[in-house]
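Please look over the sequence and the model before reading on.

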Amino acid sequence: MEPSETVFTCPFDFADGLEFDPSLRQLMTQAPIARIRMSYGQGEAWLVTRFEDVRVVTTDRRFSRAAVAGRDFPRMTPAPIVQDESINLLDPPESSRLRRLVSQAFTAPKVEAMRPATQRIVDELIDGMAEQGPPADLVKHVSSLLPLTTICEVLDIPEADRPELRGRAMAMMNVGATTREAAVRAKAELRAYFADLTARRRADPGDDLISSLATARDGDEVLGTDELTVMAMVLLMTGHDTSTYQLSNITYTLLTHPEQREKLRATPELLPKALEELLRYIPFRKGVGIPRIATEDVELGGVTIRKNDTVHVSYLAANRDPARFERPDELDLERPTAPHMTFGWGAHHCIGAPLALMELELAIGTLLRRFPGLALAVPASEVRWNDESIWRYPYELPVTW
């Protein structure tokens, strides 16, 4: 395949409900490995959209995340969200060491041990919504509170600090140029907060996740001071963001696909499988995340990617690749389970995925059980969607039952 000379302009600002981004769909068919320009950052990048090509870029050592550090790389936000010491900017074997340490906090028994506390939080939040009576805003009563409450309990963050931390986490994710200073300030404040908190936990560990990370050992290896600070910060951000938005997105998707919802209601044991399909199907964010840099010339899908080129991958596009998923644009809760890329792939697959899945399973399962008649309280066309952030989610989700 001859690479196209065209350079596509990709602001990735499409925000129409949970519809799939038409410009991304165009690239998938027209130029599966495309040259793109983005709203911020210097120069051009490659964008890889096919499942198999994305798998190569995310697992082949010739594509480096570490080489991104210090570069003004093409991106969606005015300031880079990622920090240079973050696990997200490490390559194996350095990232493997960190992942081995951090994954000790997310083993199946550890996540199972968090289940009763998470179920208690779910029940309390849904009780509050039921008491208020329909119509009620699911975002206000459940989605915005559950993941933050769960991750803060797991990290043992004092209740008084939580609202401020949430505000800072959200300020970092906005894509508008006018919010750049606020985003940079929020990042510095979050970092200072976690530097102090992690130092105290290291000196006097408890039963919480930060203490587990501070005391985790792999032979003689432990997390360094900065590594621990940034890791705790990453856990707060990712533990709160993705689950919050996906809880609203999944509920909205089920309520706007009544046949699939009824299937789930009739067969509750289908839920774990159904969640994987919902996560595959929903375009939960815009565009792309952190790129990689080619450390040498690489042939990929008939295109030569040159040494030092920036390479972005689209997990959203990979999740809709017809070569990987039959009828990829259909939601089918009984689809045979095949790994999707919503939690990333390879050395940067989300370590906290088991916790996110457990939260979603308890929240969605409890909602459907408690409210058999759950429905949108407004026409789907009246739901207001966020258009300022890299994440896609409804500002409010009015429901009735």
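The structure is a predicted model. The chain contains 14 helices and 11 strands. Its radius of gyration is 21 Å, close to the 21 Å that the globule rule gives for 401 residues, so the chain is as compact as a globular protein of that length.

**Overall form**
- Along the principal axes, the C-alpha atoms occupy a box of roughly 60 × 55 × 40 Å.
- Of the 401 residues in the chain, 54% are buried.
- Among contacts with a separation of 6 or more, 74% are between residues 24 or more positions apart.

**Helix α2**
- In helix α2, which spans residues 51-59, the buried residues are F51, D53, V54, V57 and T58.
- These residues cover an arc of only 160° around the axis, which means that they lie on the same side of α2.

**Helix α11**
- Helix α11 spans residues 258-266, and its buried residues are Q260, R261 and L264.
- Because the buried residues of α11 fall within an arc of 100° when seen down the axis, they line one face of the helix.
- E259 and A266 are exposed on the other side of α11.
- The cover over the buried residues of α11 includes α10 (225-255), α12 (271-281) and α14 (353-370).

Conventions: Residues numbered from 1 in each chain as written. Predicted model: local features only at pLDDT ≥ 70, side-chain atom pairs only at ≥ 80, totals over all residues. Heavy atoms only, no water. Buried < 20%, exposed > 50% of the residue type's maximum accessible area, 1.4 Å probe, protein only. Helix = DSSP H or I, 4+ residues; strand = E, 2+ residues; numbered from the N terminus. Arc of directions from axis to C-beta. Rg over C-alpha atoms; globule rule 2.2 N^0.38 Å. Contact = heavy atoms within 4.5 Å.
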